[in-house]
Amino acid sequence: MDARAFIDLDQYPIAEPATAACEQLVSSVRSKLAQDGCAVLSGFIRADRIDELITEADQVAPQGHRSFNRTNVYFTRDDPGLPESHPMRRFYDRSNSFVPADNFGAGSILRMIYEWPAFPAFIQAALGEEKFYRYADPLADVIVNVVEEGGGFPWHFDTNNYTVTLAIQNGEQGGEFEYCPGLRTSTDENYDGVQAVLDGHSDAVKTLHLQPGDLQIFKGRYALHRVSPVKGARKRYVGIFSFVEEPGMVGSPERTRQLYGRVLPIHLERAGLRADALID
Ligand SMILES: O=C(O)CCC(=O)C(=O)O
Ligand SMILES: [Fe+2]
């Protein structure tokens, strides 16, 4: 069994990149990304194979590392010199749980998809990135984000250029993906526009009701976005596939510990630390 059994290759013929059908797919994703920074490939995973992904996520969800913090949309510190209504001073609760990538070993469907060469090749073509590699971080290359009742991801701008996510299971209610394409630019922070979104009276907000099996490619550096609070007992599962611009990259020990609750020798070695120097 391989990734081909799970991806709807009739709708998304990514196994045959040289064909007109695949080229057309790539160009349609590219134009969506150019238009509003978001492309959804609905039903990317075959409907009759979703249950297996849910089972995989259910099995590892208890291994998720829970973290809690308060964050503004920029992930920066408070700046008491600014008025209290300023977006930089508006902090929101974020509770989060990431299941580290080493829970997705041999036999993991998510990993099978991530490591099937046609998958990253397709994403790279769709994004038009020249430098594009799978992440070499054994805790972070392919993970699942688990959101429980009351959780979500408050309004923010991403600090990376793009994210590639797979909807696996929705909560009973809430958990919508809301975004404001191009709300800021590299030269204009548009604080008034950001404030209007935070105050709930912006007409720039688009809402996506992603369904299990939908693949989303999203460019979130300039698009303010959030995951609205999840309601009900069922957990929301999203798979996250990470790609980077240089081969062999891993996360910093500090960030890795924060997100996954632990580090591996490779994180310490890359940071120039001795592996035996940082045992908790
Ligand atoms: O969970 C999602 O759908 C997206 C979360 C998000 O915005 C992020 O991870 O930066
Ligand atoms: Fe984000």
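How many Å separate the centres of domain 1 and domain 2, taken over C-alpha atoms? The answer is 25 Å. This is a predicted model, in which local features need pLDDT of at least 70 and side-chain atom pairs count only at pLDDT 80 or more, while totals for chains, interfaces and linings use all residues. Residues are numbered from 1 along each chain as its sequence is written, ligands are numbered from 1 in the order in which they are written, and side-chain values use heavy atoms, with hydrogens and water left out.

Let's start with the two domains. Domain 1 covers 3-249 and domain 2 covers 251-280, with bounds from an automatic or database domain assignment. Between them, 15 residues of domain 1 are in contact (heavy atoms within 4.5 Å) with 13 residues of domain 2. About 1,100 Å² is buried between the domains, and carbon and sulfur atoms give 55% of that area; buried area is the accessible area (1.4 Å probe) that two parts lose on being put together, summed over both. On the domain 1 side, His65, Phe98 and Leu139 lose the most area to domain 2, together 43% of what that side buries.

Now for ligand 1. Around it you will find Phe153, His156, Asp158, Phe177, His225, Val227 and Arg236, each with a heavy atom within 4 Å of the ligand. For arginine 236, the corresponding distance is 2.9 Å.

Definitions and conventions:
Polar contact = N/O pair within 3.5 Å; in protein donor to acceptor, adjacent residues only side chain to side chain.
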